[in-house]
Amino acid sequence: MHKLHIPGTLNLGQQGSLGPGDFLVEDLTGAELMVAFPNAGMHLTHWQKPNLHRFADATTDLKILVAGNLSYGDCIMLTPCLRELKHRYPASTLTIACLPYFRTAFLNLDYIDGFAPWPLPAEQYDQFEEIFILERFSSHPKAKTHHLSDVFADIMGIELTDRRCDYRPTKDEIDWAQKEFPVNDRKRVGIQVQASQRCRTYPSNLLVETLNVLLKKGWEVWMMGKPGDYACQEIGHLHDLSRHTQTFRQQAAFLTTCDAFLGPDSGFLHAAGAMNIPSVGLFGAYPWKLRTAQYPSVHALSGTGDCAPCFHVSTKMQPSYPAGQSCSKTQRCTVLETIEPARIAAVIERQAAHSILHARLPSLPPAAPAPQSP
């Protein structure tokens, strides 16, 4: 961890703004900010977390913070650890610090009490009595052998008794989705076009072949993702969900109207798995068991190749593909290219055949107030 000094305000676009002030950040996050804003006058100094007292017993009323640079999928795979903390120490207050754009993955989970900003303003550190910072979890010693939920648990020093991941749409979100996207007599599939990491994205030409196979088989196909991430002309039974929705939670709620979902190793696949929606996940860079083993409704299709799994993670300072590999030249994952569109379509149909639409979601608990930012 480092303390990042920001002399002025940084405009982070959809993530809001940051500064001025001192912030506690992961090493990589601090370095990326300095690269992204080279003229902002920022500087990093090493910061050592002080020794905090450990939990005493289940009745201890502690203010707990879990913080890290998390994406949607990471947030969902963190939920077993958060649920375990709240189960063991129900009198404690559990606060999450992650980027505002991704904290929506935690909404409607009654074991989370609130959110803190991330990066964390240095002066807010003293508000908490126990802090878990999930630093560099992708390079953790267990990252290549254990599911990410177990990696998080190891960092936090706990053992999981229940590894199920949570993502809970609200009743209002489900009702909205069913009203806006009424079910018809065609089978419906949602398809995530891109992953946040290009090395995990199925090649676009093969994805087009896949959706054409599904359209010929009588499916209604909805392409999913952020507006502007892809080009999709709505013709016949091919639709662009980004034209009708604005947020991750809206698109996740849309999945409750689908017979199946197809996606790369990315956030929507974890939301679909946590909601028990029949899904097909496409894997190349990471083994599927380290990502979707906890989701009975997800069928993983893994590509083959001498370089798999490469465990590559791209950042602002790392290329989209591993240097020196053939994929770095073609800018396409050669492992994912080995998964044939016809095979994908066949598995989607098999997955959907085992589902009963509208009977998949777990019963929702009474609506809890959404955690608020301080």
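Two strands count as paired if DSSP finds at least two bridges between them. Helices (H or I, at least four residues) and strands (E, at least two) are DSSP runs, numbered from the N terminus. This is a predicted model, in which local features need pLDDT of at least 70, side-chain atom pairs count only at pLDDT 80 or more, and totals for chains, interfaces and linings use all residues. Residues are numbered from 1 along each chain as its sequence is written, and side-chain values use heavy atoms, leaving out hydrogens and water.

**Sheet**
- In β13, Leu238 is the bridge partner of Val221.
- Strand β12 (residues 219-224) pairs with β13 in the parallel sense over three bridges.
- Six strands, in the order β13-β12-β11-β14-β15-β16, form an open sheet with parallel pairing.
- Its edge strands, β13 (238-240) and β16 (298-302), each pair on one side only.

**Helix on the sheet**
- Helix α5 (residues 204-216) lies across β11 (187-192), β12, β13 and β14 (260-264), where contact means heavy atoms within 4.5 Å.
- Helix α5 runs at about 150° to β12; axes are lines fitted to C-alpha atoms, for helices over the stretch in contact, and angles run from 0 to 180 degrees between N-to-C directions.

**Helix pair**
- The axes of α2 (residues 72-88) and α3 (residues 148-156) come within 8 Å and cross at roughly 50°.
- The contact is made by Asp74, Met77, Leu78, Pro80, Cys81 and Leu85 of α2, and by Leu148, Ser149, Phe152, Ala153 and Met156 of α3.
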